[in-house]
Each structure stands twice: as structure tokens, then as C-alpha cells.
Amino acid sequence: MRLLLSTIIVACISACSGEVPGPEAKSQAEKLTREDPATFATYDVLFGGTNVGALTVTENGTKVSIDFGFSNNGRGASSQETILRSETGIPISWTITGKTTFGNQVNENFEMVDGRASWSSAAGSNNAEDGEMQNNERKPLYIAQDPSPYAYYVYAKTVLDAGGEPYPALPSGKVTVTALRQLDLNTDDEKIIKATLYAVGGIDLNPTYVLLDGQHAFLGVVSPRFAVLPNDLSQQDKALRELAANLNSERYENIASNVTHQYELPVRVNNVHIFNPHTLSLSPLSSVVVTDNTITAIEPAVKQPLPGEVTIEGNGGTVVAGLYDMHGHMGDNQALLNVMAGVTGVRDMGNEDDVLHALIDKIDSGTLIGPTITKSGFIEGVSDYSAATGELASTKDDALALIRDYADKGYWQIKIYNSMNGEWVPDMVKEAHDLGLRVAGHVPAFYRADQMIEAGYDELTHINQIMLGWVLSPEEDTRTLFRITGMKRFADLDLNSEKVRHTLNLMVENNIAHDPTAVIHEYAMTGRNGVTNNAVIDYIEHMPISVQRQAKSAMLNVADETEDKAYRAAFEKIMATLSLMHEKGIFLVPGTDMGGAFYLHRELELFEQIGMSPAEVLKRGSFDMAQYLGHQNRGAIEVGKTADFFLTPGDPTQELKAIKTVAMVVTQGKFFYPTEVYPEFGILPFTEIPNITEHNQ
């Protein structure tokens with residue numbers, strides 16, 4: 001599932017056409033009934049309700065063959081797997097070949113022979129002897145790095161067949177399987193299937209939901225946006241995704257109820273340095289007094305707790321106004337983890353309106369933990385490469401109607417996407433501006449950034465969307481693989497050329513902001529198999545083993561040394577371009593397109609590398625973004641402003657990495673201590689919980 005959910009949802013910079021099982025395989029499977037003794041079964045892969053691929057499973061005794069593939073938004077994954085099971089059903093051999101969503105080649109192997117397990121994947125190779133394994137009575141269950149969603153059925157069935165208790169796993173940890181719901185599912189021919197929805201945990205940051213029938217046969221995998229279901233159950237997709245969303249909400253609501261702290265008394269955060277975005281400096285040791293959701297006093301530090309207050313000891317740390325991720329796609333999990341990382345504001349750059357509306361309502365009511373969300377209305381054109389989610393406009397009138405709808409719903413801006421007809425953009429911009437909406441987005445295919453600036457864009461999204469116009473010919477399609485492979489040409493780009501100067505001058509003259517999402521470019525273009533990605537290296541050892549392995553897996557396929565050098569040089573040219581933009585005064589906004597949280601910390605580090613001081617970066621990530629979004633009561637720790645800040649034990653004005661260690665977050669009248677939250681996700685906490693003293697008298 002990491003193959004899909006970690007890369008389909010969060011990243012929009014590249015394209016990779018998926019190779020899905022052919023129509024002849026699907027038609028063959030559709031001839032089979034559920035009672036047919038044949039061992040061939042096929043499943044639809046659905047994203048946001050749209051069929052984007054297929055998964056087929058062929059069983060022959062102890063051998064299982066799986067073909068999987070999807071294509072969505074101009075990119076996709078495909079894989080072929082073979083699993084050999086022991087007589088007890090546990091995999092003793094597992095091979096996976098294919099490619100990930102963004103084209104990295106998969107060649108994964110696992111084998112257990114004579115008590116010795118060995119495996120190799122993109123993250124590297126390893127082995128374990130019987131004596132090293134966690135439970136000699138039960139052979140550990142191998143957790144594949146790049147499997148199809150069917151793998152979660154393999155995990156679930158192994159655990160259930162063994163009695164249902166937590167089961168030892170390789171490379172480490174334990175797999176848990178929990179029954180959550182009993183369901184009656186109606187097939188297309190009106191048969192009723194008794195099913196159980198299970199949560200498979202211990203593998204990823206969040207559980208994965210797997211459907212099994214009464215005989216523990218595979219029925220599917222579901223999430224709020226994605227599902228794999230049998231052909232005759234695919235009409236159940238929406239209801240099952242809604243159920244998955246509700247289960248996610250229940251999980252996060254339970255976490256929120258356990259870790260949210262609200263105090264009736266004024267709260268004094270004592271013995272802290274306060275970052276001042278106006279002077280780019282820290283205060284002497286001070287205390288910040290918060291009453292309800294407002295900063296009511298900033299005073300010298302006190303030597304002991306005062307009566308009538310809650311005192312939180314800051315131990316000489318630094319408080320900084322909450323950070324913003326300006327390129328997010330929010331769900332329950334990203335919302336919570338952003339807050340724990342001190343990211344208390346997120347600009348959502350494309351989401352289903354009903355999902356986003358429900359999420360914001362739950363955050364506002366305190367049912368869920370999440371940042372303040374600013375909404376961007378996603379508008380996509382219609383093509384073979386259209387995104388499966390968001391709103392599609394097949395005509396200009398449709399696009400204008402969508403803009404009016406977004407304005408009526410209180411959106412801050414619209415976001416234009418790859419397949420939009422560029423000829424419609426001037427009229428779309430005028431409509432948006434007349435309604436008080438800003439306009440941001442990608443550069444539509446076959447157009448250049450210059451044309452979008454001239455059409456009236458307020459902001460350009462993703463640095464590659466600008467730079468591709470300097471290196472591609474007009475007929476090359478940026479809805480396809482050229483969104484990524486074309487970036488190799490950046491290596492030879494002359495930043496002093498007329499076309500580069502013209503675009504940058506246009507941006508300056510028209511006050512065009514830019515959301516470069518540098519971190520996702522770094523992750524994609526410099527990530528290599530077997531090497532921990534620079535974007536995560538400072539905190540990865542705190543993450544679950546599956547996240548650690550994924551951090552050693554390249555996003556892209558790098559064919560040879562020449563291509564390796566080209567991608568690395570291209571990223572250096574990206575950074576040089578951003579440095580040039582910064583020098584020219586182009587306003588750069590920090591966004592990730594990777595879920596924010598820890599990735600936002602890395603995005604800010606990259607801003608430091610293009611010429612900002614650590615203090616300037618802090619200001620850009622907090623105060624400047626609050627001003628940009630019109631959040632006048634946020635962005636600084638001052639009397640009368642909203643209490644929205646985080647505490648780090650270090651001094652981020654000297655070493656920006658200090659923002660990666662957050663001890664406390666204050667937002668929306670609530671206090672959070674990440675150390676209480678992270679174990680829910682298998683994350684090793686970074687700090688101790690601050691000392692808290694409450695004096696009622």
C-alpha cells in the first residue's frame with residue numbers, strides 16, 4: 001500500500017504511465033462466477049471512484065501469482081509477484097518485479113530456507129537466522145517493500161490463521177490484525193456476501209483496511225480515496241471508502257481526545273526565548289501567558305510557578321510562531337502530524353470539497369487535531385491524463401461555473417492543473433479575480449510559464465513547471481513522463497539566457513509568487529536505492545521500519561551513471577534557479593506536496609541553502625505566510641495575537657535543524673505534546689514532555 005498511498009496522493013511533479021493487466025485478462029475473469037472452481041480472480045483498482053487499473057490473482061496450489069497495475073494523472077505503477085507458501089500458509093518465497101508510481105524499477109526477493117531468511121529490495125539486502133528471529137515457534141512474516149495491495153491480505157490471513165495475536169515480522173516489528181466491522185456486501189447479481197473489515201497494523205504509520213469473506217478469502221483493500229475490489233463489488237466503492245474515512249476519523253478522534261490539553265487557568269510558558277520575526281532575533285528569557293486562545297502577556301521569566309496559573313517549563317528553549325505548509329493535500333493523518341511538527345497552517349492545493357469541508361469542521365470543533373486550512377479550488381481539464389480527483393471542466397463554461405462555485409464556498413484561490421485548455425485561462429483568471437479569488441497552478445500542457453503570467457496568474461506552482469518551458473519543445477507533453485524525464489535537461493540550462501531572464505523579469509514585474517516544492521524535487525532527483533534520502537536523514541531513525549526502508553528507495557528509475565549525474569546536476573540547477581529568484585526578490589512560499597510535517601522542515605532547510613539566513617527562513621515560514629494568507633492575528637508571538645506557536649529545546653536562529661525537535665505545540669486554544677502522540681504511529685519521540693505545574697490558588 002505504501003506503493004500507492006505514499007506516492008499517488010502526495011506528489012504531483014512527475015508522470016509515469018502505468019502498465020495494467022490487459023483487457024483480455026479482465027474479460028476472462030468476468031466470465032467466472034464466485035462459485036467457479038477456477039483460481040483466477042480479478043479486481044478493479046479505483047481511485048476517487050474512478051477505475052484506474054486492475055489486480056489479478058492466480059492460485060495454483062501453494063503458488064500465488066499477482067499482476068497489478070494502474071495509471072492515474074499521467075503516472076502509474078505495475079508489478080508482477082510470485083509467492084510460494086509453506087503448508088501452514090506463510091510465504092517462504094516472494095519475488096516482485098515492476099516499477100513504482102514514479103518509475104523506479106522494482107526487483108525484490110525474499111526466501112526462507114532451512115531456518116535462514118534472506119531478502120533484497122530497493123532499500124538493500126539482509127538476512128536473519130533462526131536464532132535471530134523474534135519467535136522460533138512461528139516463522140516471521142516478511143513485509144515486502146514494494147508489493148501490490150494484495151500483500152495486506154497475505155499479512156492478514158497469516159496472522160488470523162495463526163490465532164490472531166501480534167505476529168513477528170521481518171525486517172522487524174510485529175503485525176497486528178483487528179476486526180472492525182461485519183458487513184453485508186451486495187454483488188452486481190444481488191447476492192449478499194458476509195464480509196469483515198480488518199485493520200492491519202504495525203507496518204506503516206497508519207493501519208490498512210482489508211476485506212475478507214467468512215472463509216478468510218480476499219475481497220479487497222479500501223482507504224478513504226482508494227480501493228481494490230472484485231469486479232462484482234466495485235459499485236460498493238463509495239460506501240466502503242466512506243466507511244474507511246469514518247474509521248480513520250474514529251482513530252484520530254480517539255487520539256485527539258487522549259492528547260488534547262485545554263486549561264481553564266491562564267497558561268504561562270516560562271523560561272523561553274521568543275523569536276521576533278521583525279528583528280529576526282530572540283528575546284531574553286521570558287514567559288508567554290496564554291488565556292484561552294490569546295496571548296495576554298509577555299513578561300520576564302519567573303523563578304517559580306505562580307498561583308492561579310498553569311506553568312509549563314520551557315527550560316531555555318525557543319518559541320516560534322506556527323509554520324505553514326503552502327502545498328498540502330489534507331487528510332486526517334496529515335492534519336494531526338503537521339500540528340505535532342509545529343506546522344499549524346496548511347494551504348490545501350486540491351481536494352474533494354466534501355472531504356475538506358468535513359475535515360475543517362472536525363478540526364474547528366476540536367473533534368480532530370489539525371492545522372488552520374486555507375482552501376484552493378482544484379480545476380482540471382479533460383484528457384487521457386486527467387487527475388482522477390478534483391473537478392474536471394470539459395468546456396470553458398464548465399470552468400467558469402466551477403470558479404463561481406468555489407467562490408460561493410469560501411475558497412481563497414483556484415488552482416489550474418495540467419490538462420486545462422490554456423486558451424481558457426485568461427477568462428478563468430478574470431472570473432476568479434472578479435470574485436475575489438487568487439489564481440495559482442501548474443502550467444497547462446503545451447504552454448509556458450510566460451503565457452500564464454501574461455494571462456494573470458498570481459502564483460506559479462512547482463519549480464519544474466517553470467523550468468520545463470525553457471528546455472522542452474512545444475509538442476512535448478508535460479502531462480506525461482516529460483514532467484520528470486525532461487528535467488534532466490536542466491543540467492545544460494544557461495541561467496543567463498534570454499528565455500530565462502525574460503520569465504524571471506516577468507515574474508518580478510507582475511509580482512508573481514512561486515511555490516517551488518523544492519523538497520519533492522530533491523527527494524525525486526537525488527534519491528537512490530540503498531541510500532537514506534537527504535530529505536529525511538535527520539529523523540528517519542525515529543520512524544517505523546517500513547518508513548525507514550522506503551527512505552532508502554529511489555522515487556525514480558535511474559538507469560545508469562550518466563542519468564544519475566544528469567538528475568543530480570538538474571537538481572543543482574533547480575537550486576541555482578531558486579537562488580536567482582530569491583536574489584531578484586521573487587516571493588517564494590514554502591510548500592511540500594509530500595504531506596508537510598517533517599518534509600516542511602526540510603523545505604525550509606532548502607530555503608536556507610538558496611541564500612536565506614535561518615532567521616529569515618523562520619520568518620518566511622511563519623510570519624510571511626500568515627501575512628500572505630491574510631491571517632493578521634497569526635505569525636508572531638505578541639500580546640493580543642492568537643496563541644499559535646511551538647516550543648523547541650534548541651535555537652533555530654543559529655541552527656535551523658532545531659525546528660525538527662518539537663516539545664510542545666499551542667494552537668486553537670489547545671496544548672499538545674508530540675511525545676504523547678508519536679507512539680500511536682510507531683514513532684520514537686524526540687523530546688521529554690515539559691514539566692507542567694498547575695496552581696489553582
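Visitor: Is Arg347 buried or exposed?
Guide: Arg347 is buried, with a relative accessible area of 0%. Buried means under 20% relative accessible area, exposed over 50%, and partly exposed in between (1.4 Å probe, protein chains only). Keep in mind that this is a predicted model, where local features need pLDDT of at least 70, side-chain atom pairs count only at pLDDT 80 or more, and totals for chains, interfaces and linings use all residues. Residues are numbered from 1 along each chain as its sequence is written, and side-chain values use heavy atoms, with hydrogens and water left out.
Visitor: OK, which side chain does Arg347 meet in a salt bridge?
Guide: Glu459, at 2.5 Å from N to O. A salt bridge here is a side-chain nitrogen of Lys or Arg within 4 Å of a carboxyl oxygen of Asp or Glu. Arg347 sits in strand S23 (residues 343-348) and Glu459 in strand S28 (residues 459-461), so the pair ties together parts that are 112 residues apart in sequence. Strands (E, at least two residues) and helices (H or I, at least four) are DSSP runs, numbered from the N terminus. Glu459 is buried as well, at 0% relative accessibility.
Visitor: How many salt bridges are there in the whole structure?
Guide: A search finds 34.
Visitor: Which residue pairs with Asp564?
Guide: Arg568, with the closest N and O atoms 3.0 Å apart. They are 4 residues apart in helix H15, about one helical turn. Arg568 is partly exposed at 34%, while Asp564 is buried at 18%.
Visitor: And what network is Glu605 in?
Guide: Salt bridges link Glu605 with Glu522, Asp538, Arg602, Lys657 and Lys660. Within that, Glu605 and Lys657 have their closest N and O atoms 2.9 Å apart. Glu605 is buried at 6%, and Lys657 is partly exposed at 35%.
Visitor: Switching to packing: at what angle do H12 and H15 cross?
Guide: Roughly 40 degrees, with the axes of H12 (residues 498-509) and H15 (residues 561-584) coming within 11 Å. Axes are lines fitted to C-alpha atoms, for helices over the stretch in contact, and angles run from 0 to 180 degrees between N-to-C directions. H12 and H15 are therefore oblique to each other; under 35 degrees would be roughly parallel, over 145 roughly antiparallel, 65 to 115 roughly perpendicular, and the rest is oblique.
Visitor: Which residues meet there?
Guide: Leu504, Asn505, Met507 and Val508 in H12 meet Leu580, Met581 and Lys584 in H15, with contact meaning heavy atoms within 4.5 Å.
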